[in-house]
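These are my notebook entries on one structure, written down in the order in which I looked things up. The structure comes first, and the entries follow.

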Amino acid sequence: MTKTSTRGKNAFRGKKLTAYLAHIISPKTASTLTNIPRGAIVVDEEGKIVEVGEWFKLKRNYDGMVQVIDYGQKIITPGFVDLHLHLPQITQTARTGKTLLGWLDSYVFPAEARFADKRHARKIANWFFDELARNGTTLANVFTTVHKDATDIAFEIAAAKGHRVIMGKVLMDKNSPKALTEDTETSLKDAEELCKRWHGYDNNRLIYAFIPRFAITASKELLTGCGKLWKKYKGTYLHTHLAETKDECTFVKKQYPSARSYVDVYASHNLTGKNSIFAHSIYLDDKDLRALKESQSSLAHCASANFFLKSGFFPFSRIKKAGIKFGLGSDVAGGPQMSLFSVMKDTAYMQMDLWISPRELFYLGTLGGAKAANLDKVVGSLEEGKEADFVVIDPTRRTGVPNDMLGHNVDEILSTLIYLGDDRMIVSTFVRGRKIFDADKTRSTDKTLRSTKSAGKLKLA
Ligand SMILES: [Zn+2]
């Protein structure tokens, strides 16, 4: 007997319900999952999941009370969680030939400086959010730029388009190009104002993060100020880079000679703790791992970016053994692709002496990421009471995957999605029950792409 039938049919009378039918796959843990070949998720008008189960059992409970959308031979999974990426860098994907610090100077910093132009900022933000939805990402942890207005615009667009993001302006007050170097006080003041304006918007669909870019571009005063603001505003996040390359670590050691390690630079400025997310985290010793675990800090593993910029290899087994929460990040544009399928695949490829199961990769890109962001009670899997953030996937759409794929076992299905999948397989993306992408209506995205081409020609301010 299902839970609905025990509540009685009348529990939902008068409520607008929608049942989405397809093959349902949703993680429970890194090794267990829900797999319902002819399943349904029932969503209420507030975008909450009312029930998940086999449709032939569920339908009796909703007789005449539910709108049915049948996706047939498609798959519904939770939406993907991208724990680290950069909005302005979508204009700089696939710029190769330099490692991190040179790549930032040559490509990224000039591109970010252009966000002083509000028109440009709006065009790129529109493009960025359309791409997130097109790739099936329903929770993204986003760096914008140092610019207050551009960040305000990014929030405005995310709010209007229905996205779920953790986002904030970047703070930089030293060792940066002139166009991006902020006055420390103004930088902190701008971040606080944006936080007051957007944090918690639409029942926490938009969440604010304080984002010192990394230790290199931050003074002690800036790091201290970030720590204070993060503690002051409940539910906000601290998001930054950590130990991505050896050159970066050497630079940080010179800049902060009294700190025991890179982690210690952040810890000594009160920047570690629950709701802190550190991208990369490659070059860490055992004391660092203990400090991160004890403080309940989380990591974003960005395999594609680590390959692309030749940064190094994430110590997957050590991090797991240390019990530190982590998820995956595309790190666009350090990583060239926004698809979490690509990132899952690269995560597997990076570990030369370890097989990571498709279940675990799928978990890391969904519920594991939500856990690392401490939002797993709200999103990350398809369960009664959670918000309906999900994607509809057609594995055979514009790919060479055989039509009979759904006849295979769930591990083979997931393996096919991860190793052969990308944005082309995504049919629709939903956040809190609202459709934010429909592959059959791609015109607006194409239009944005066209207009962005001209935006790319804008000169540096
Ligand atoms: Zn990054």
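In which helix does Asp288 lie? I found Asp288 in helix α11, residues 286-294, where helices are DSSP runs of H or I with at least four residues, strands are runs of E with at least two, and both are numbered from the N terminus.

Before going further I noted that this is a predicted model, in which local features need pLDDT of at least 70 and side-chain atom pairs count only at pLDDT 80 or more, while totals for chains, interfaces and linings use all residues. Residues are numbered from 1 along each chain as its sequence is written, and side-chain values use heavy atoms, with hydrogens and water left out.

Entry on Asp288. I recorded Asp288 as buried because its relative accessible area is 5% (buried is under 20%, exposed over 50%, partly exposed in between, with a 1.4 Å probe and protein chains only). Leaving aside residues up to four places away in sequence, Asp288 touches Arg260, Ser261 and Val263, a contact being heavy atoms within 4.5 Å. From Asp288 to Val410, 122 residues along the chain, I read a C-alpha separation of 37 Å.

Entry on the zinc ion. Its ligands are His84, His86 and His241, each through NE2, and Asp331 through OD, at 2.1 to 2.4 Å; donors are N, O and S atoms within 2.8 Å of the metal (3.2 Å for Na, K and Ca), and water is not among the atoms, so sites may look incomplete. I noted His86 as buried because its relative accessibility is 2%, and His241 as buried at 6%.

Entry on the domains. The chain is divided into domain 1 (3-78 + 381-445) and domain 2 (80-372), with bounds from an automatic or database domain assignment. Their C-alpha centres lie 30 Å apart, and 38 residues of domain 1 are in contact with 34 of domain 2.
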